[in-house]
Amino acid sequence: MLQPPSDVTDADVLEVVRRHWEPRADAVEHLPVGWGAHHWRVDQAGVPLLFATLDPATPRHTAGTLEAAYATAAGLGLDFVWPSLSRTDGGYTVRAGDRSWSVSGWLPGERPDSSVPEVPEMLARLHAVAPPAGAPAWATVVDPGLGDRLRGLLQQDWSGPLGPAARELVVEHLARVGGWAREHARLLTLADPETYVVTHGEPGVHNQWVARGRTWLLDWESLLLAPRERDLATLVHEGRDVDHDPAMVRLFDLEWRLSEIWAFASWLQAP
């Protein structure tokens, strides 16, 4: 994400923003920040006005669930949520092929050096919100047969720039991955949808922002109804003393680990 996408020009970004959010916008600049999505600063008369995001298609989101995530965040009414802005005609995203545009207000500030003390209280308030109608619900993206899928992938050509080294790692750890996938499948049966709460999904320091004299949580595309340990796992690993279900923390540790293994194996196997 350090370089702008080859098929999107500054003029394209400006056209989308003007048409759907802010007709006064007159300049954009790609920002080499984040992971997964591309971002631009949007100016009006030399003053930063908006932060535009182009989210790619991902296994965990459809166009509908991404729209629902941003809409839910905007409607939470919590003073630490920095939400996306609605379009002039309603809704929060604009489709661009298999990608989605969204926009938030520009918020001058800085990322803290380490996770701030108030995050547990912020998450407790978030988890106490009554789940809004239409909020997207979590479903695992981990295939219980991940070990077998990786074995199949190993039969493909891994001659890309990082392919041979990546293939060696997959071969070395294949048996462990299969064990983790089976453990994940067992823990998944313990998750009770009746107890799901609104979760941010990635509340670590990379999504904390200090501005206007307080801390905000950014990047609400990951919002889902899920076990609260989806958020609390971050606090547990930071050494915070928070009440949690160890089995659910382990589930989300494995969810993250296994989904990343498959994503990176697939990318690094490719040309």
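Student: How close do the axes of helix 4 and helix 7 come, and at what angle do they cross?

Tutor: Keep in mind that this is a predicted model. Where these two helices meet, Leu146, Arg149, Leu150 and Leu153 of helix 4 touch residues of helix 7 including Leu258, Ile261 and Trp262. The axes of helix 4 and helix 7 come within 11 Å and cross at roughly 10 degrees.

Student: Are helix 4 and helix 7 roughly parallel or roughly antiparallel to each other?

Tutor: Start from the crossing angle of roughly 10 degrees. Angles under 35 degrees count as roughly parallel and those over 145 as roughly antiparallel. Helix 4 and helix 7 are therefore roughly parallel.

Student: Which helices do the buried residues of helix 5 pack against?

Tutor: Helix 5 covers residues 163-188. Among its buried residues are Val170, Leu174, Trp180 and Leu187. Their packing partners are helix 4 (146-154) and helix 7 (246-269).

Student: On which residue is the kink in helix 5 centred?

Tutor: Look at the length to begin with: a straight helix of 26 residues would reach 38 Å at 1.5 Å a residue, but the end C-alpha atoms of helix 5 are only 32 Å apart. There is also a bend in helix 5, a kink of about 60 degrees.

Student: How far apart are the end C-alpha atoms of helix 2?

Tutor: Helix 2 has twelve residues, 63-74, and at 1.5 Å a residue they should span 16 Å. The model agrees with that, with the end C-alpha atoms 17 Å apart.

Student: Which strands do the buried residues of helix 2 pack against?

Tutor: Helix 2 has several buried residues, including Leu66, Tyr70 and Thr72. Those buried residues pack against strand 3 (47-55) and strand 5 (99-105).

Student: Which are the edge strands of the open sheet of five strands?

Tutor: Read the order across the sheet, 1-2-3-5-4, with antiparallel pairing. An edge strand pairs on one side only. That leaves the two ends of the order: strand 1 (27-31) and strand 4 (94-96).

Student: What is the bridge partner of Leu31 in strand 2?

Tutor: Strand 1 and strand 2 (residues 38-44) run antiparallel, joined by five bridges. In strand 2, the partner of Leu31 is His39.

Student: Which residue in the turn between strand 7 and strand 8 has a positive phi?

Tutor: Strand 7 (208-211) and strand 8 (214-217) pair in the antiparallel sense over four bridges, and Trp209 stands opposite Trp216. The two strands form a hairpin with two residues between them. The turn residue with a positive phi, about 55 degrees, is Arg212.

How values were computed. Residues numbered from 1 in each chain as written. Predicted model: local features only at pLDDT ≥ 70, side-chain atom pairs only at ≥ 80, totals over all residues. Heavy atoms only, no water. Pairing = 2+ DSSP bridges. Expected span 1.5 Å × (residues − 1). Buried < 20%, exposed > 50% of the residue type's maximum accessible area, 1.4 Å probe, protein only. Contact = heavy atoms within 4.5 Å. Bend = angle between axes of the 7 residues up to and from the residue. Axes fitted to C-alpha atoms, helices over the stretch in contact; angles between N-to-C directions. Parallel < 35°, antiparallel > 145°, perpendicular 65-115°, else oblique.
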